[in-house]
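Hi,

Here is the structure I promised to hand over. Please open it first, then read my notes below.

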Amino acid sequence: QALIVNLGDWYHANDQRNVTPRSGHQLDVDGRWFKVQRAGVRVFRSIIDMTLAKHERVEVVNIPGNHDPEAAGALALALGEFYARNKRVNIAFPADIYYRQFGNTLLGCAHGDKAPPSRLAMAMAVDQRKAWGETAYHWMMYGHIHKDKADTHGDVRVESFSTIADKDNHAFGGAWRSAQALNVITL
């Protein structure tokens, strides 16, 4: 069983205006918006298809990011329609926080722009009381800061991950130099 999680900002932008929806920060985006969307769907389909080659069942989660809240939903919709007849693939409804129990591990996923890591850890304990008590390991993943960082809050490992997006002019000018990455984690 595999879980593919997009922790948000898959597209880096939400639409052809190329600004963040809430704050209006200018974003660098290559190509026309339709081409950007199509490339994002194609890359995600490739990831799903490669995962299907190794796993019997695949669940896909697209967490809305602050850069692409509506585009994340459109991505989930496109993937859901493409894999609608494939009983091995489940495309989860986009949600701000997603939880999943894998054996002795409770996993939480959020973008991280709406709550700091300590609140995400507490939310997991409150939202998932039953699963919390049934599991020995608690892990919350987020992506908002676009870099690898890990900490613990109580017994919850709270970890952020790098993005696949290249640095835009804002990141370059602000001297943010995080690496690009996709991560594979085995539980």
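The axes of helix 1 (residues 33–52) and helix 2 (residues 69–82) come within 10 Å and cross at roughly 55 degrees. Axes are lines fitted to C-alpha atoms, for helices over the stretch in contact, and angles run from 0 to 180 degrees between N-to-C directions. Helices (H or I, at least four residues) and strands (E, at least two) are DSSP runs, numbered from the N terminus.

This is a predicted model: local features need pLDDT of at least 70, side-chain atom pairs count only at pLDDT 80 or more, and totals for chains, interfaces and linings use all residues. Residues are numbered from 1 along each chain as its sequence is written, and side-chain values use heavy atoms, without hydrogens and water.

Which residues meet? From helix 1 come W33, Q37, G40, V41, F44, R45 and I48; from helix 2 come A71, A74, L75, A78, L79 and F82. Contact means heavy atoms within 4.5 Å.

**Helix 3**

Helix 3 (residues 117–127) has these buried residues: L120, A121, A123, M124 and A125. Buried means under 20% relative accessible area, exposed over 50%, partly exposed in between (1.4 Å probe, protein chains only). The buried residues of helix 3 pack against several elements, including strand 4 (97–102), helix 4 (129–134) and strand 8 (156–160).

**Two residues in a loop**

D9 is in the loop between strand 1 (2–6) and helix 1. D9 is not a glycine, yet its phi is positive, about 65 degrees. D9 counts as buried, at 2% relative accessibility.

H12 is in the loop between strand 1 and helix 1. Phi of H12 is positive too, near 70 degrees. H12 is buried, with a relative accessible area of 11%.

Best wishes
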